Amino acid sequence: MTPPEADATLRYIDEFRRPELVRRLLDEIRRTVTRPWTIMEICGGQTHAFMRFGLDELLPDEVELVHGPGCPVCVTPLELIDKAIAIASRPDTIFCSFGDMLRVPGSHTDLFRVKAAGGDVRIVYSPLECLKIARENPDREVVFFAIGFETTAPGNAMLVWQAHELGVTNISMLVSHVRVPPAITAILSSPGNRVRGFLAAGHVCAIMGYWEYEPLAERFQVPIVVTGFEPVDLLRGLLMTVRQLEAGRHEVENAYGRTVSREGNRPAQELISRVFEPCDRAWRGIGVIPNSGWRLRPEFADFDAEKRFPISDIQTQESAVCISGLILQGLKKPYECPAFGTACTPAHPLGATMVSSEGTCAAYYRYGKRNRQQNARN
Amino acid sequence: MCLGIPGRVVEIFERDSIQMGKVDFGGIIKETCLAYVPETAVGDYVIVHAGFAISRLNEAEAQETLAMLQEMIALGEESGDDTA
Ligand code: SF4
């Protein structure tokens, strides 16, 4: 293996965490803001980063952050979790998933317990690993839990495409892909909406570009700023949003130019649209959002696990107390849920927003925002 | 889930007729699919998500951003209005 260069260590990460830049950006936000604004970061990774670095507590009181539905683990419908569990429990299958899906509670159990009980459930880092597993186990069915936003779609599309090209037939996917722009439309169309500006998720935009957001900014008169994940990126995105709001502008701007271009990643977009087609999709806790998902195109129906396995009559039962749907829309904060921190904790999650490390409930729990007081900044 | 990490491409090869590579994340080297960043050369930085490079890092743009922020510090309270 090539030895790492000394200067390669955390290049393009450390520079965007420099305290003096963070301080200066915070000062600039404080100087710019004159009125209260509610701004939503769409992506769960950004929610987590704001809290991990304590940035939310350093913002002026006028800037209220609400946390969006951009955690794929959180919005994957319970029904699909139950379907995954049913498939993973079959003795003839190897069920592959990203690690964070294993502890998400289904109606009765979770994938982790299926694994503990002897099910062949494997955590993969890249979807392409499933291809290798399928070729090594030709007498078994390999099923991949293909969830995620636009960021994850290129990898999942490549898995299907490669399996198709190479004639690997013992592989299929349980698909629940979701897309950001229809979710923004749903949030802004909701009668209770308070969100006045958005930080768009940088890595979603790395794939899709940001031209799709331009009609939304225009139609709903909201600024949308493409934002990265390091402290300097997050604050720069916020500053640009606040500047627009204070000036009465509503444009799409890019605060993550080192990674994102307006047109996005063309080769990735091409393969996504070759393999997937748009569809209506149910979001856990929110409901069906029109045109908000991707499913396999009919040409790739052979790779659809829902067609390959008898799992259509699954009945699901959501927790009656969980208000994660309202939290995912920015309408409520976790401490407003009666179960938060008592009946529902990361060790015993009742809802998906508590189980995923990117879920808002989990982030509030982990960083000690147990009540309104502790969440207040001053 | 949408975590993406910058790393430096140290090797490029082909497997099953798609472009793959090895990417160095500060000493940890991981195999990565480079099919979506076909113009990438060894030495380039890419943003990697779940085993796939999703973008080639625009190093000139990164330096420009940092220079601009540095300038903002220098301007201090006089304050430039040009973060955008
Ligand atoms: S604290 Fe638990 S029960 Fe309450 S909204 Fe969050 S995930 Fe649901």
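## The five-stranded sheet

In this predicted model, chain A holds an open sheet of 5 strands in the order β2-β1-β7-β8-β9, with parallel pairing. Two strands pair if DSSP finds at least two bridges between them. Strands are DSSP runs of E, at least two residues; helices are runs of H or I, at least four residues; both are numbered from the N terminus. β2 (63-70) and β9 (252-254) of chain A stand at the edges, each with a single partner strand, so one side of each has no neighbour in the sheet. The twist averages 25° from one strand to the next. Axes are lines fitted to C-alpha atoms, for helices over the stretch in contact; angles between N-to-C directions run from 0 to 180 degrees.

Strand β1 (residues 37-43) of chain A runs parallel to β2(A), joined by 6 bridges. Glu41(A) stands opposite His67(A) in β2(A). Helix α12 (residues 231-247) of chain A lies across β1, β2, β7 (197-201), β8 (224-227) and β9 of chain A, at about 170° to β8(A). Contact here means heavy atoms within 4.5 Å.

## The six-stranded sheet

A second open sheet has 6 strands in chain A, ordered β4-β3-β5-β6-β11-β10, with mixed pairing. Its edges are β4 (121-123) and β10 (276-283) of chain A; each has a single partner strand, so one side of each is left without a neighbour in the sheet. Neighbouring strands are turned by 25° against each other on average, direction ignored.

Strands β6 (residues 171-178) and β11 (residues 287-296) of chain A run antiparallel, joined by 2 bridges. Val178(A) stands opposite Gly293(A) in β11(A). Helix α9 (residues 180-189) of chain A packs on this sheet and touches β6, β10 and β11 of chain A, with its direction at about 175° to that of β11(A). Helix α13 (residues 266-275) of chain A lies across β10 and β11 of chain A, at about 80° to β10(A).

## The ligand site

Residues surrounding the ligand (a heavy atom within 4 Å of it) include Cys322(A), Cys337(A), Phe340(A), Cys344(A) and Cys361(A). α15 (324-328) and α16 (352-355) of chain A are the elements that give two or more residues to this shell. The shell divides into 9 nonpolar, 3 polar and no charged residues. Cys counts as nonpolar and Gly as polar; Asp, Glu, Lys and Arg count as charged.

## Conventions

Residues are numbered from 1 along each chain as its sequence is written, and chains are lettered from A and ligands numbered from 1 in the order written. Local features need pLDDT of at least 70, side-chain atom pairs count only at pLDDT 80 or more, and totals for chains, interfaces and linings use all residues, while side-chain values use heavy atoms, without hydrogens and water.
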